[in-house]
Amino acid sequence: MLDVFKIINFIKKQFGLKDLLIITAILTLFFFTRLTNLTDLPIFGDEGIYIRWAKTAWQDANWRFISLTDGRQPLQTWLTIPFLKLFPENPLLAGRLFGVLSGSLSLIGIFFCLFYLFDKKTAYLGSTLYTATPYFLFYDRMALADSMVNAGFIWLFFLSLLIWKTQRIDSSLIFGLAAGFFMLAKSSLRLALISAFTAPVLGINHLFSKTKNKFIKKTINYYILISSAAVVALIIYNIQRLSPFFHFVSQKNLTFVMSFEEFLQNPFSRFPTNIRLIPYFIFSETTVAFAFFVILGFIKLFQKDKGLFFYLLIWLFIPITAIAFFAKVLFPRYLLFTAGLLLIPSAFYLSEKSLFKRFAYIKFAVLFIFIFQVLRFDYAILFDQKNIPFPQIDKGQYLTGSTAGWGLTDILDFAREKAKEKPVIILAEGNFGVVGDQLEALKKPNDKNISIKGYWPFNKESILENQDKLKDNYVFIVLVYTKEIPEDWSARLLKQYKKPNSNERTTLLQLIDNSN
């Protein structure tokens, strides 16, 4: 039974003034790094989709499940709405505060998990490591669901440990509520629920000892509790069936992962590529030195607690194997949750006294390299976004490609000035997930005189369709794919926004009337 006063007394005994100061410092560092220049990086294509969904759901309750029209779970949409209410004039800030909220849940989760498994020192180190690591820093500042997925994996891992140790129904209920909540973020959270069923490996040593019978009873009790929790989670997850679009989730998943039929036809079609990309993506954004801490941390963990070692490996093995074999599309952000779990062995290693003993000079050299790499990466994320040292695939998404929204804020500011004279129509080259959605997401509540029309493909017919609007409206064109402007488009170049370290650009044109 939950005893609030017992919890309060425990906190009083464990945490003094020194601890309060350390926790305050970590939280201050976290919110400084997450909130500083939060909107300086231009809006990313997927952010445009998610913010537009949240704006629609906010204005019309009939569309609270709008994300399901594209097979996306609704948690991000729902949690973005309160921020849109607080910051209606800055929808990009509102959307990205969802990422900050998700990161906060991850930070709290990693602190509780490490404190529960080890001690305060490890919890403080792990929390600081989480706050500083560029991989987490970047995605905690984006209007994307991946940071919430990371929080989900951390919390469900911790809560499964709690159920195994306490064997209590309240722990089971908390796990079920948390799992149901996080599963509304993204389909990949189901892998965490599956992994939780392997918790008896934590006590595998007892299977071959005199306490074998006790272990078997504990295992049976655990499966009853975790199964009950899974039922609660699935009940919450199935709230999505209130929408007629729920079936699109399974259809959308097939865009990113192979069906079992496809897998059986060619089981290894994706494996060679994915298994090579997975470690590259993880450690290119956590830094190579982080991999050193992870490896040594696992060695130390094996020496101290073999059950925990194998359980953590299973939590990594199940999703990584699934991704390696089934993923059709793979980006670094899809692997963020694996880095969240890898914080456990790395923080454990850094907290060990042996860090100062054998080969200390090598360990300190690696630690120095890690700090240098982190500071360089973090500085770019906060203050020099054009030069963030991403792997090439992320540079294309966030900095140099068609989905990087350089110039869109300026274009809308220009449109607002023109809208004071007469209505403005913006014709966007691309609708779903590209510039059309991005512009729609960035519109403010008072932008009533500005309308966005996305076209794909964008061609002369798109222009002719709007030629008759010139009498009563300004008509502008925003291009992100077309490089050469055809002479017969009846359009005048106004401005081009070059994307950093790239030949790509965002082009603004004005449609003109040549009928006279």
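Strands S4 (491-498) and S5 (505-511) run antiparallel to each other, paired over 7 bridges. This is a predicted model, so keep that in mind as we walk through it. The two strands make a hairpin with 6 residues between them, and in the turn Asn 501 has a positive phi of about 55°.

S5 is mostly covered, with 6 of its 7 residues buried.

Now for helix H20, residues 408-419. Its 12 residues reach 16 Å from first C-alpha to last, close to the 16 Å expected at 1.5 Å a residue. Which of its residues are buried? They are Leu 408, Ile 411, Leu 412, Ala 415, Arg 416 and Ala 419. These cover an arc of only 140° around the axis, so they sit on the same side of H20. An α-helix has 3.6 residues a turn, so residues three or four places apart point the same way. The buried residues of H20 pack against H21 and strands S1, S2, S3, S4 and S5.

Helix H3 (45-59) is another story. It has 15 residues and reaches 22 Å, close to the 21 Å expected. Here 11 of the 15 residues are buried, so H3 is largely enclosed by the rest of the structure. Among them are Ile 49, Tyr 50, Trp 53 and Lys 55. The cover includes helices H4 (75-86), H5 (91-117) and H21 (435-442).

Notes:
Residues are numbered from 1 along each chain as its sequence is written. This is a predicted model: local features need pLDDT of at least 70, side-chain atom pairs count only at pLDDT 80 or more; totals for chains, interfaces and linings use all residues. Side-chain values use heavy atoms; hydrogens and water are left out. Helices (H or I, at least four residues) and strands (E, at least two) are DSSP runs, numbered from the N terminus. The expected span of a helix is 1.5 Å times one less than its number of residues. Buried means under 20% relative accessible area, exposed over 50%, partly exposed in between (1.4 Å probe, protein chains only). Contact means heavy atoms within 4.5 Å. The arc is that of the directions from the helix axis to the C-beta atoms. Two strands pair if DSSP finds at least two bridges between them.
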